[in-house]
Each structure stands twice: as C-alpha cells, then as structure tokens.
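Let's take a walk through a protein together. Keep the 3D view open, and turn it as you read.

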Amino acid sequence: MADLATPMSIRVAATLGLVERAGSGATAEQLASETGTATSALRRLLDHLVTIGVFELDPRSGRYRPTQLGVQMSGDAPAGIKPLLDINSAGGRAELAFVDLLQTVTTGAPAYPHRYGRDFWADLDAEPALRRTFDAQMNWRFREQAPQIARRFDWSRFPTIVDVGGGDGPLLVEILRAHPGVRGRVLDLAPAAAAAAERFAATGIGDRASAAAGSFFDPLPAGADAYLLSDVLHDRDDEHARLILAGYRRAAAPEDGTVVVVEPVRGQGVGTAINLFVLVCFGGRERTVEELAELAADCGLVLRGSAQVADGRTALEFGVAPAR
Ligand SMILES: C[S@@+](CC[C@H](N)C(=O)[O-])C[C@H]1O[C@@H](n2cnc3c(N)ncnc32)[C@H](O)[C@@H]1O
C-alpha cells in the first residue's frame, strides 16, 4: 500500500494498450516498437506487471502474455475498468487528481483544477476527445440502470421532460422508449448536446426528443411538466447545488412543475471512495435524502417522496413549495 509503482504500472499498461497489443504473446521489443516507448523501460514495466500477476513471461521465447486478471484491463472486457485506468480518458485522468488529495484535504477545494489548470467540465469542453470518453463512460455505467430508472419511476405523468445535464441522452432515450406519450429535451454543454441530438436521430425518436446547448446556471426553458437532474447535484458543492435548484424552482413555477433528482444517496449504499472522488474531482459531495431535501427547501422546493429506482440510485420528487 505504500508505493505508487503498482497502481501507476497498471494505469500505464492500460493507457498503452499493452493487454490488447500483447494478445497471446509479444516481446518487449515488439511492444516498445508498437507503442513508441523505450524498450528497456518498458521491459521493467512488464516485469513488474508479471510480479503483480497481470502478465506472465515465457522465459524461452521472451514473450509477455496477459493473465486472466490482466485481460480485465482490455477495452472490451466486461468489467469495463479500462476508461478508469487509461490516463488519456476522462475517468483515468480524473483519478490522477488523487495525487493531490493532501491539497484537497488541506483546503477543502477540488484537486482537479489545481492539477490541470481548469475545472473538470471546462477541461472536457476544451478537449472533444476527452468529452467523448466521458460520455462513453457515463453510458457504460448506466447500461443497466437507465432502463430500470425509466421503468421504476412513473414518468408517464409528465408529457414534457427537460433533462438538464443529460449528457448525450442515454437516460432520456430509455424514458421515452418506456413511455411513448412523453416528449423530452436534453439541455447540456454544447458538445454533449450535439452528441445527444445525433443519438436521438439515430434511435428513431427524433420526433419526440430534442437537444439544446446551454448551462444550468442560466435561465432554464420554462413550463416543462418535469425537470430531471440525474447525477448532477453530487458534482457540486452546496452553494452551486442551490444555484441549480433555484433555477429549477423558477422554471417549474408557478405551482405545478415537478423536479426529479436522481442521485446516489448517502446511507443507501454509496461508498466512501466515490464520496471522496466527487470532492477531489468536482468539489461535490454525496448527500442523504434529508440533506437533499434541506437544500431543495432553501430554494422553494418541497420533497414529495423518494424511492430507490436502480442499484445505487434514488429518485427524489420535488414540487414547488406553496407561497407563504
Ligand atoms: C455526471 S454527468 C451526468 C450525465 C447524465 N445526467 C447521466 O446521469 O448520465 C453530469 C452532466 O452535467 C453536465 N454539465 C456540467 N456542467 C453543466 C452546466 N453548467 N450546464 C449544463 N450541464 C452541465 C455535464 O456535461 C454532464 O453531462
């Protein structure tokens, strides 16, 4: 536990695609030539990967071959961990901010901007390839949950839904598929909104779904029957979460709009590691139902009810609080 040699070796191996390149066996020279790396340094990396059981070495041929454990690092392995290890993907890049955890614990501020010079979302906006890896990771992590969230919550009550911060639209697609009477719109930063529009056209629901580029810190389109916020509040500190919820309150007014927050909820199976990650990466936090209700109440929203809608995800339904 005391050294970074092992976690960094695994990350570098994933970033260089050593498992995929080695296939059923390759020498250090072959792998160095394919990856444009220094042979002697790469050999030392491979030797450490052998020590930790990720590769094995055939001493006669000098070929390295991934073990059963090692193949889990491959891009198409069902474990899906490669995006979290690959330093060139949004997830792997974000994990490296943990190197500056001391800075976060000392100041309470996220390490990501300290390390990379701009916040996570600005970084994705500036790097389209990084953004694509993030959206792919979001899709992967919701591959089972999105259909569950669509089925286990009664979205059919809402003829129009705005999914703010909806990414490239995976959840909205499932909701519209499950509820043919519902129309929806994703509002997200420009690259995600463009990708969502492409997805809606490709999935044949373009007549019921649209996408718009915008920020949830600006006025939201008013008058939708429901506004959805999925995995957005936990990326934000209380001050910014309140700003977002206040914008929803204004858009949902005068009295019959609904705000649905879908989040991992603390006390309902959320791990301590992810709570630390959202702090290091975004300055966010995982909250309990009571904390979310309190935050929403500060913004004129009242909790109507909450229910677990997928493994690790709770839906909290808010209405507009009556004027005093
Ligand atoms: C963790 S992702 C969740 C995506 C999607 N709601 C889901 O659950 O799969 C957070 C989303 O918020 C979006 N986002 C971040 N800042 C935003 C802003 N200022 N305005 C609108 N969307 C924003 C990101 O682009 C990203 O798609």
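Let's begin with a sheet. It is an open one of 3 strands, in the order β1-β3-β2, with antiparallel pairing. Here β1 (26–27) and β2 (55–58) stand at the edges with a single partner strand each, so one side of each has no neighbour in the sheet. Two strands count as a pair if DSSP finds at least two bridges between them. Strands of a sheet pair through backbone hydrogen bonds, either parallel or antiparallel.

Before going on, a word about what you're looking at: this is a predicted model, where local features need pLDDT of at least 70 and side-chain atom pairs count only at pLDDT 80 or more, while totals for chains, interfaces and linings use all residues. Residues are numbered from 1 along each chain as its sequence is written. Helices (H or I, at least four residues) and strands (E, at least two) are DSSP runs, numbered from the N terminus.

Back to the sheet. Strand β3 (residues 63–66) runs antiparallel to β2, and 4 bridges join them. Look for Glu56, which stands opposite Arg65 in β3. Helix α4 (residues 39–51) lies across β2 and β3, running at about 110 degrees to β2. For such angles, axes are lines fitted to C-alpha atoms, for helices over the stretch in contact, and angles run from 0 to 180 degrees between N-to-C directions.

Now stay with α4 and find another helix, α3 (residues 28–35). The axes of α3 and α4 come within 9 Å and cross at roughly 115 degrees. Who makes the contact? On the α3 side it is Ala28, Glu29, Leu31 and Ala32, and on the α4 side Thr39, Leu42, Arg43 and Leu46. (Two residues are in contact if their C-beta atoms, placed from the backbone, lie within 7 Å.) These residues divide into 5 nonpolar, 1 polar and 2 charged. In this scheme Ala, Val, Leu, Ile, Met, Phe, Trp, Tyr, Cys and Pro count as nonpolar, Asp, Glu, Lys and Arg as charged, and the others, Gly among them, as polar.

Next, find the ligand. There are 18 residues around it, and Gly165, Gly167, Ser215, Ser230 and Asp231 come nearest. (A residue is near a molecule if its C-beta atom, placed from the backbone, lies within 6 Å of it.) By class, this shell has 10 nonpolar, 5 polar and 3 charged residues.

You'll find it in the loop between β7 (226–230) and α14 (238–252). Most residues other than glycine have a negative phi. Asp231, though not a glycine, has a positive phi of about 55 degrees. Is Asp231 buried or exposed? Asp231 is buried, because 20 other C-beta atoms lie within 10 Å. The cut-offs: buried takes 20 or more other C-beta atoms within 10 Å of a residue's own, exposed 12 or fewer, and partly exposed is in between, with C-beta atoms placed from the backbone.

Another loop, between α15 (272–282) and α16 (289–298), holds Arg287. Arg287 is buried too, with 24 other C-beta atoms within 10 Å. Leaving aside neighbours within four places in sequence, Arg287 is in contact with His234, Arg266 and Leu292.

Last stop: a hairpin. Strands β9 (residues 301–310) and β10 (residues 313–320) run antiparallel, joined by 8 bridges. There are 2 residues between them, and Gly312 in the turn has a positive phi of about 80 degrees.

Finally, zoom out. The protein chain has 16 helices and 10 strands, and buried residues make up 40% of its 324 residues.
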